[in-house]
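User: Could we go through this model together? I would like to discuss its packing and its backbone.
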Amino acid sequence: MTAYSDAWQALEAHHADTQHVTLRERFAADAERFNNMHEILHGLLFDYSKNRLDENTLDLLCRLAEAADLPQYMQAMINGEKINTSEHRAVLHTALRLPANAQPIYVDGENIVSKVHHELNRTLEFARQLLDGTHAGITGKPITDLVHIGIGGSDLGPRMATQALQPYWQNIRVHFVSNSDDADLTQTLLGLNPETTVFSIASKSFRTPETLLNAYAARTWYRDAGLPDSGIYRHFCAISADVAAAQNFGISPDKVFAMSDWVGGRYSVWSPIGLPLMVAVGEKAFRKMLAGAHAMDTHFFETPFRRNIPVLMALINVWYNNFQHSDGQTVVPYSHNMRLFTPWLNQLDMESLGKQRTSDGQPVSCTTGGIVFGDEGVNCQHAYFQLLHQGTRLIPVDFIVPMTTIYGNHRQHRFTVANAFAQAEALMKGKTLDEVQIELAALPPDERDRLAPQKEFPGNRPSNSLLIDSLTPFNLGMLMAAYEHRTFVQGVIWRINPFDQWGVEYGKELAKTIEPELERGTPAHDSSTNGLIAFYRNCNAASKAV
């Protein structure tokens, strides 16, 4: 029996021995529980004391990480080894936030640290030119709007961070278009002036179908305004690895910012993919976000597992996913500006960890991934929190809460923070039937007995709290990097590759066949798909006949 299976079975036995112990009992028995189960890093507090675990649990989880060779995988990552085995690529998004004087990292004989900073400086310089008016439109008017066209990781990261850092916005309005549904681009362009609009086209291959559909439609919008093709280079730039393809579109090579194959889309906001964010918040704020991510990287790679925030986050997820059989996880930022954080995390976690084969192609021996969902607090308290409190499913919660507000209404902010803390406490404590009976003592006995079971809360519902002193670029960078590393650690423990996404590609391949069949030909699919195609044709024929 291997060390890995030994560690796994030890956790199964430990769960069987301790599953009856409630969180109420754990807190009552240990006055130092919070002191022993929280970490602070540069203004970020991670409290994991409201979890169904103890020191023995944490010790066994750390042993599992060791048995899964996590230290070796971490070292392989920072060495530039090709740990994305299915695509034979290095995984070096952490190199994107290294300082310029960092030790060289070589991939295929090339020092990528100098390459990273060369491309970062090029991209930031273009953002600066847009912001200060040095780069104007073809008619000489200064740029007022940037429309970023991408999808998936080329959209979600910069879109989320741009919204989160709204207080840092500069003088150019930044818009995002990702959906191939023509409503997305059409509605975005309403009210924009082609003479003062720049488009950034984000596609590593410059072949992403949704992105190119929108890019060509944007170019048509530009031409329909009567502007010359010779001016396209003033109004379009690209983030891509294929300079020739971008040039064929009409984009000048000096306005193509490079992506490297060792950066996956969902880890790419730190690269030139972050151009819209650079334009939205400026160079200083963007570099602060890189510095925050790098601070978390340093903590992750240098801190023992028992005190390591991303490792602990991952191990706690493994504990619930594999040993307590949770039904998913919800992540709730108590910040309106962070309302896109959970959609960003949906992709990071579920696209990375939704795998049923190990890295060497064997069927997995445990449950991988999990359903990650959420919304901004306090709104979601009035939506799905009922299920968290009194439903039959186990769904751990991450509460993300800024401690201060820059908007000045401290009364509203205190109310928001109080709700976050209260929800975490209520989930942990619950409310016993005896406590409810006391609350309802003034009611007639038959009414009290009828109502009391409805107001009982089981409690023992786990959560983490991630508190930041304020929502700054540095702190946002730390949070994002923490969740990136959490995802990586879970992939290592489950022995899957969290850096490919073959499941995303299959539907795209089928769409290439179906699209022309929507217009003509005889579809040769299953009866359902054939029926759907026929219905589409009928609806479009009827629409054209009106």
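Analyst: A definition is needed at the outset: contact means heavy atoms within 4.5 Å. This is a predicted model, in which local features need pLDDT of at least 70 and side-chain atom pairs count only at pLDDT 80 or more, while totals for chains, interfaces and linings use all residues. Residues are numbered from 1 along each chain as its sequence is written, and side-chain values use heavy atoms, with hydrogens and water left out.

User: What is Tyr 483 in contact with, leaving aside its neighbours within four places in sequence?
Analyst: Tyr 483 is in contact with Met 313, Val 331, Phe 341, Trp 344, Leu 345, Leu 348, Asp 398, Ile 400 and Leu 466.

User: Which residues touch the most other members of the largest nonpolar core?
Analyst: They are Phe 341, Leu 476, Tyr 483 and Phe 488, in a core of 114 residues. Helix H12 (residues 275-302) supplies the largest share of this core, 13 residues. A nonpolar core is a set of buried Ala, Val, Leu, Ile, Met, Phe, Trp, Tyr and Cys residues joined through side-chain atoms within 4.5 Å. Buried means under 20% relative accessible area, exposed over 50%, and partly exposed in between (1.4 Å probe, protein chains only). Helices (H or I, at least four residues) and strands (E, at least two) are DSSP runs, numbered from the N terminus.

User: And which residues does the second, separate core include?
Analyst: That core has 22 residues, among them Val 147, Ile 149, Leu 192 and Ile 232.

User: Turning to rings, how many aromatic pairs are found in the whole structure?
Analyst: The search finds 21 aromatic pairs, where rings of Phe, Tyr and Trp (its six-membered ring) pair if their centres lie within 6.5 Å. One cluster linked by ring pairs consists of Phe 199, Phe 206, Tyr 216, Trp 221, Tyr 222, Phe 236 and Phe 249.

User: Where is Phe 206 placed? Is it buried or exposed?
Analyst: Phe 206 is in the loop between strand E7 (197-202) and helix H9 (209-224). Phe 206 counts as buried because its relative accessibility is 5%. Its phi is near 55°, a positive value in a residue other than glycine.

User: What is phi of Arg 495 near?
Analyst: Phi of Arg 495 is near 65°, again positive in a residue other than glycine. Arg 495 lies in the loop between helix H19 (473-494) and helix H20 (502-517), and is partly exposed at 42% relative accessible area.

User: Which peptide bond is cis?
Analyst: The bond from Gly 377 to Val 378 is cis, with omega near 15°. Val 378 is in the loop between strand E11 (372-373) and helix H15 (385-390).

How values were computed
Phe/Tyr/Trp six-rings, centres within 6.5 Å; stacked < 30°, edge-to-face > 60°.
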